[in-house]
Structures are given as structure tokens and as C-alpha cells.
Amino acid sequence: MSSAKITPSVNAAHSVVEPSPRSKRIAATLVIVYAIITMIPLVWIFLTSIKSPPDSISYPPKILFTPSLEGYCNLFTTRTRQTPEYIASLPAPDGVCDAVTRQRNMVIAGASNFLPRFANSLIIAFGSTFLAVGLGTLAAYGFSRFKVPLADDLLFFILSTRMMPPIAVAIPIYLMYRQLGLSDTALGMMLLYTAVNVSLAVWLLKGFIDEIPREYEEAAMIDGYSRLQAFRKVVLPQATTGIAATAIFCLIFAWNEYAFASLLTSGSAQTAPPFIPTIIGEGGQDWPAVAAGTTIFLVPILVFTILLRKQLLRGITFGAVRK
């Protein structure tokens, strides 16, 4: 009798209440509304990139307009103004940008610096992310599997490096880089972003590696694997979700970083974030070109996140492996 009375209460304790259709509709509506709100700035930036300069600064803002590639043409080229007589004496336009530029009584003088700056962003951001995640994985594994003296203090010290705003250490880093010859170099920016990101990588990856059972490595070493082989063939495959999630967060910081890039680069190693706001047209800021640069700048990080979206979601919600 007693067991019969206890059984329903145990089953009830472990039962899962199915959400009602009304709750599902409310949740779906909230998600859709939130997604629409967050997409509005991105859609507006893209629409501005295909407006003409007069349409981009019109008030009230124009929703219906004639699309133009002038912003993208201005982003990738430099132009000089010429007289209408000189424009009329030229041969037929060679491409869309040439035709669009001549409509403004201008001719293309050469390529702009956007592509080199964009390439710098790719090299520095992805390079520093690779280094930060690689070093962070090794450090996180050491903290997770070995008895490190003062481990808690060391972990707090590593985390404390992210508590200070970048501008607080910008001047000392600038002076140090100038003495070391690392100012305005891709290597210097890569090392700096790695140093900033490695603390985040250690903390995130330690949590993932802690969830991987030690028994897997012990079984591998009993079978003859060395510690390094067990780490490479057992731990790393199971920590893939955590590594992917950490890589995305590190890449986002390195990709969007502005303060250090503005202070430490001005020429050959300058990245896209400090370059895009300096795009100037004849009458001031060339907003279609700025919006075009922003739109193109969003593409790599968007593609990278989409490719790793499954690992990111699984890594954030569940970690690597549950015992």
C-alpha cells in the first residue's frame, strides 16, 4: 500500500508539463518581434548602401528610392572632378562604376585603400583568434587536469585582464610598441588581440574540458596513448563545440576592435573599423560608401557564425560532454 501511494508522487515529480499551444504562440511571437527589431539597423545600413548620396541624407528619410551602386563604387575607388567637356571627350564608360562616376562629372583615378584594410582585418582577426583559442585550449586543459599551485588565484588574475577598459592601457602599449618596432604592424596587432582574448578563451574552455570525463583519457593511456596523444585524439574531438563557441567570441572582439586599431595603426596595418568612418565625399561624409563598407565588413563574421551555428548553440547550452 505504501509503495502504491509513493509511486504517483515520484512520477509526478519527474513529469514534464507540455507547453500549451497558446504559450507556444506567445513565445514564437516574441522571438519574431525581437528578431525583426534587431534586424532593422542591418536592413537600414544595407538600404543606405544602395542609395545615392542625396537620397542618403534626405529628410524625411526615403523608403522608396531608385537603387544605385554609387556607394560601392565610391568605396572601392578614388575619383577626381573634371569638366563636362573633358567627360564628353572620353570613350564609352568601361563598367558600371565608370558610368556612375561620370554622371557626377568625375572620373576614376585609382583604387581606394578599402581592400588592403579589409585584408588586414581578415589576417589579424583570424590569426589572433587561432592563436588565442590554441593557447587557451592548452592552458584550460592544464588547469582542468593538473593540480596547479594557486590555480584559483591564477584564473582570477587571467580574468582580471578583461576587467580593465582598453583605453586605460592604450598609452603604455603604444609606447612599448614604438620601442619594439611593433607599431603599425600586423604582427603587433595580432599579438595584442591574442593577449586580450586568451583570458576569455581560458575561462570558457576550462568549463568545457571540465565536463569531459577523465576516464576517457585514462582508458586511452592504458591502451598505450601518451598524454599528448590522449589530449589530441580524445579531448579535442569532444571539446569541438566549446572550441567553436570560443572562436566565435574571440573573432567578434578582434574583428570589431576599434580603440587599439585607431591608436596603433595608421598605414600599412590599419584595419577596416578605423578606416570606414574616414571615407569622405565631396560634400562631407559619403554615407552610401560608409554603409557599403559596413555591409561588406559584416559578411565574413556572419558567414563564420552561420557555419558554426550548430556548435555555438550546443556549446553555449550544454557544453562539450555531460557525464
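Which helix holds Arg 102? The legends below describe a predicted model, and the first view answers this.

**View 1. Arg 102 in helix α6.** Arg 102 belongs to helix α6, which spans residues 96–102. Its relative accessibility is 14%, so Arg 102 counts as buried, the cut-off for that class being under 20%. Leaving out residues up to four places away in sequence, Arg 102 touches Ile 87, Leu 90, Pro 91, Ala 92 and Pro 93.

**View 2. The largest nonpolar core.** This core contains 46 residues. Met 189, Leu 192, Tyr 193, Phe 260 and Leu 264 have the most contacts inside it. Beyond its neighbours within four places in sequence, Leu 264 is in contact with Ile 173, Tyr 174, Tyr 177, Ser 183, Asp 184, Met 189 and Leu 192.

**View 3. A nonpolar surface patch.** Helix α7 supplies the largest share, three residues. Leu 131 lies in α7 and is partly exposed because its relative accessibility is 33%.

View 4. Most residues other than glycine have a negative phi, and most peptide bonds are trans. The peptide bond from Tyr 59 to Pro 60 is cis, with omega near 0 degrees. Pro 60 sits in the loop between α3 (53–56) and α4 (70–76). Asn 105, in the loop between α6 and β2 (106–111), has a positive phi of about 60 degrees. With a relative accessible area of 29%, Asn 105 is partly exposed. Asp 184 also has a positive phi, near 60 degrees, and is placed in the loop between α9 (166–180) and α10.

**View 5. Confidence along the chain.** The mean pLDDT of the chain is 84, and 90% of its residues reach 70 or more. Helix α7 (residues 114–145) has the highest mean, 92, whereas helix α1 (residues 2–13) has the lowest, 47. Over residues 1–15 the pLDDT stays under 50, and the model has zero contacts beyond four places in sequence for this stretch. Residues 319–323 also have pLDDT below 50, but here the model has 19 contacts beyond near neighbours in sequence. Where pLDDT is low, the predicted coordinates should not be read in detail.

Definitions and conventions: Residues numbered from 1 in each chain as written. Predicted model: local features only at pLDDT ≥ 70, side-chain atom pairs only at ≥ 80, totals over all residues. Heavy atoms only, no water. Core = buried A, V, L, I, M, F, W, Y, C linked by side-chain atoms within 4.5 Å. Buried < 20%, exposed > 50% of the residue type's maximum accessible area, 1.4 Å probe, protein only. Contact = heavy atoms within 4.5 Å. pLDDT = per-residue confidence, 0-100. Helix = DSSP H or I, 4+ residues; strand = E, 2+ residues; numbered from the N terminus.
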